[in-house]
Amino acid sequence: MSTNYEVGSVHTGKVTGIQPYGAFVALDDQTQGLVHISEVTHGFVKDVNEHLKTGDEVQVKVLTVDEKSGKISLSIRATQEAPVEEKREAKKPQRRQATVKTETEAPQGFNTLKDKLEEWIEQSKKEEIKK
């Protein structure tokens, strides 16, 4: 059965079935292997059906042959050249301009109760003087 197929050899096969986890490929009339979903193509594959159809002829590379169980693991992506990735420049962190608070500017944000209490006392003194 799998004596004709050595690890690392490349063969042409026909897709005989598709499952969520991969595709079955017939190498000859009596031998078929599995192309796991991670071996379909370079990059992420969400659905095997988006890349393969039953009856497609594909080039596959033999990854493993298990004589005991008779299982053959295949890869389509191992027969394809890896896509060249663009080099991306690292983003430089943006510098933030520091703001300088002037004394005439009113404080913004959260004030403690102590600060507010002093402000209220000052306001009440001013109102008492006006009366």
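A: Of the 18 residues in the largest nonpolar core, those that touch the most other members are Val 25, Val 35, Val 48, Leu 52, Val 58, Val 60 and Leu 74. At least two residues of this core come from each of β1 (10-19), β2 (22-26), β4 (57-66) and β5 (71-75), and β4 gives the most, with 3 residues. This is a predicted model, in which local features need pLDDT of at least 70 and side-chain atom pairs count only at pLDDT 80 or more, while totals for chains, interfaces and linings use all residues. Residues are numbered from 1 along each chain as its sequence is written, and side-chain values use heavy atoms, with hydrogens and water left out.

Q: What makes a set of residues a nonpolar core?
A: The members must be buried Ala, Val, Leu, Ile, Met, Phe, Trp, Tyr or Cys residues, joined through side-chain atoms within 4.5 Å. Val 25 and Leu 74 are among the members of the largest such core.

Q: Which residues does Val 48 touch, not counting residues up to four places away in sequence?
A: A contact means heavy atoms within 4.5 Å. Beyond the excluded neighbours, Val 48 touches Ile 18, Gln 19, Pro 20, Gly 22, Ala 23, Ile 37 and Val 40.

Q: How are the helices and strands of the chain assigned, and how many are there?
A: They are DSSP runs, numbered from the N terminus: helices are H or I with at least four residues, and strands are E with at least two. The chain comes to 1 helix and 5 strands, in the order β-β-β-β-β-α from the N terminus on.

Q: What makes the pairing of Glu 39 and Ser 75 a polar contact?
A: A polar contact is a pair of N or O atoms within 3.5 Å; within protein, one must be able to donate a hydrogen and the other to accept it, and residues adjacent in sequence count only if both atoms are side-chain atoms. The side chains of Glu 39 and Ser 75 are joined by such a contact of 2.5 Å. Glu 39 also touches Leu 63, Leu 74, Ile 76 and Arg 77, among others.

Q: Why is the pair of Arg 77 and Glu 39 called a salt bridge?
A: The term requires a side-chain nitrogen of Lys or Arg within 4 Å of a carboxyl oxygen of Asp or Glu. The closest N and O atoms of Arg 77 and Glu 39 are 3.4 Å apart, and the pair therefore forms a salt bridge. The pair links distant parts of the chain, 38 residues apart, with Arg 77 in the loop between β5 and α1. Arg 77 has a relative accessible area of 30% and is therefore partly exposed.

Q: Where do Glu 119 and Lys 116 lie?
A: Both lie in helix α1, 3 residues apart, about one turn of the helix. Glu 119 is partly exposed because its relative accessible area is 35%, and Lys 116 is partly exposed at 27%. The structure holds 2 salt bridges.

Q: What makes Leu 113, Leu 117, Trp 120 and Ile 121 a nonpolar patch?
A: Patches are made of residues with over 30% relative accessible area and no salt bridge; like charges are joined within 9 Å, and nonpolar side chains (Val, Leu, Ile, Met, Phe, Trp, Tyr) within 5 Å. Ile 121, one of the four, has 39% relative accessibility and so counts as partly exposed. Together the four have about 420 Å² of accessible area, an area that comes from the Shrake-Rupley method with a 1.4 Å probe, where for residues only the protein chains shown count as cover.

Note on methods: Buried < 20%, exposed > 50% of the residue type's maximum accessible area, 1.4 Å probe, protein only.
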